[in-house]
Amino acid sequence: MTNVIKIAIFGALLALTGCAGLMREAPQPGDPLDAVYAKLGTPTSVYRGGDEQVLEYATGPMGQFTWMAHIGADGRLVSYEQVLTGEKFATIKVDRATKEDVLRTLGRPAEVSRVAMHDYEVWSYRYKEAGVWNSLMHVHFDRQGVVRMMMNGPDPRYDPKDRFW
């Protein structure tokens with residue numbers, strides 16, 4: 001019995017050590033681009049808009065977090081934030097925002113699907129609604145790439161498998 005406890009404790013310590021290795025120092029506003037890369041590594045995507053560039057650090061497709069580093073025209077960090085939140089989704093304007101706007105705001109989606117009835121392309125983002133509930137936000141685009149609808153709901157990945165409905 002004591003060997004089982006020792007193995008469990010050793011395994012837990014290894015897991016915590018591994019997690020500590022994944023934690024990175026957050027960049028600070030004003031950091032030059034080189035310092036952002038040194039602290040965060042290579043981004044999963046880079047988006048450009050005007051004089052600004054946005055570095056995406058996504059944990060998808062199964063992750064619920066995406067961080068965006070906004071770099072100003074002077075090559076310095078303007079802001080660094082986790083963007084898969086209800087507040088950030090609320091900034092996407094239905095009937096106005098485009099795919100490019102959504103990519104620069106939220107980063108790449110976890111899943112892409114289609115709704116045949118309206119001929120919409122749907123980008124789905126995993127996130128924690130109110131920091132608590134495992135959710136999916138679905139952003140629907142028409143053929144011109146304009147957001148026509150947004151819907152959220154529970155992430156079925158977290159549904160108990162033993163329900164009888």
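## Strand β6 and its partners

In this predicted model, strand β6 is mostly covered, with 8 of its 10 residues buried. Strand β6 pairs with β5 (residues 111-115) in the antiparallel sense through 5 bridges, and within this pairing S113 is placed opposite V122 of β6. The hairpin of β5 and β6 has 4 residues between the strands, and D119 adopts a positive phi near 55 degrees there.

Strand β6 also runs antiparallel to β7, to which 9 bridges join it. E121 faces F141 of β7 across this pairing. These two strands likewise form a hairpin, here with 3 residues between them, and A130 in the turn has a positive phi of about 55 degrees.

## The nonpolar cores

The largest nonpolar core comprises 17 residues, of which L84, F89, V102, L106, Y125, V139 and V147 touch the most other members. At least two residues of this core come from each of α4 (99-106), β6 (120-129) and β7 (133-141).

Beyond its neighbours within four places in sequence, L84 is in contact with Q64, F65, T66, F89, L106, Y125, R126 and Y127.

## The four-stranded sheet

An open sheet is formed by 4 strands in the order β1-β2-β3-β4, with antiparallel pairing. Strands β1 and β4 (77-82) stand at the edges; each has a single partner strand, so one side of each is left without a neighbour in the sheet. On average, and with direction ignored, neighbouring strands of this sheet are turned by 20 degrees against each other.

Within the sheet, β2 (residues 52-58) and β3 (residues 66-71) pair in the antiparallel sense over 6 bridges, and Y57 stands opposite W67 in β3.

## Helices packed on the sheet

Helix α4 packs on the sheet and touches β1, β2 and β3, its direction making about 100 degrees with that of β3. Helix α2 (residues 33-40) lies across β1, β2, β3 and β4, and runs at about 5 degrees to β2.

Although G49 and D101 are 52 residues apart along the chain, their C-alpha atoms are separated by 9.1 Å.

Methods. Residues are numbered from 1 along each chain as its sequence is written. This is a predicted model: local features need pLDDT of at least 70, side-chain atom pairs count only at pLDDT 80 or more; totals for chains, interfaces and linings use all residues. Side-chain values use heavy atoms; hydrogens and water are left out. A nonpolar core is a set of buried Ala, Val, Leu, Ile, Met, Phe, Trp, Tyr and Cys residues joined through side-chain atoms within 4.5 Å. Buried means under 20% relative accessible area, exposed over 50%, partly exposed in between (1.4 Å probe, protein chains only). Contact means heavy atoms within 4.5 Å. Two strands pair if DSSP finds at least two bridges between them. Axes are lines fitted to C-alpha atoms, for helices over the stretch in contact, and angles run from 0 to 180 degrees between N-to-C directions.
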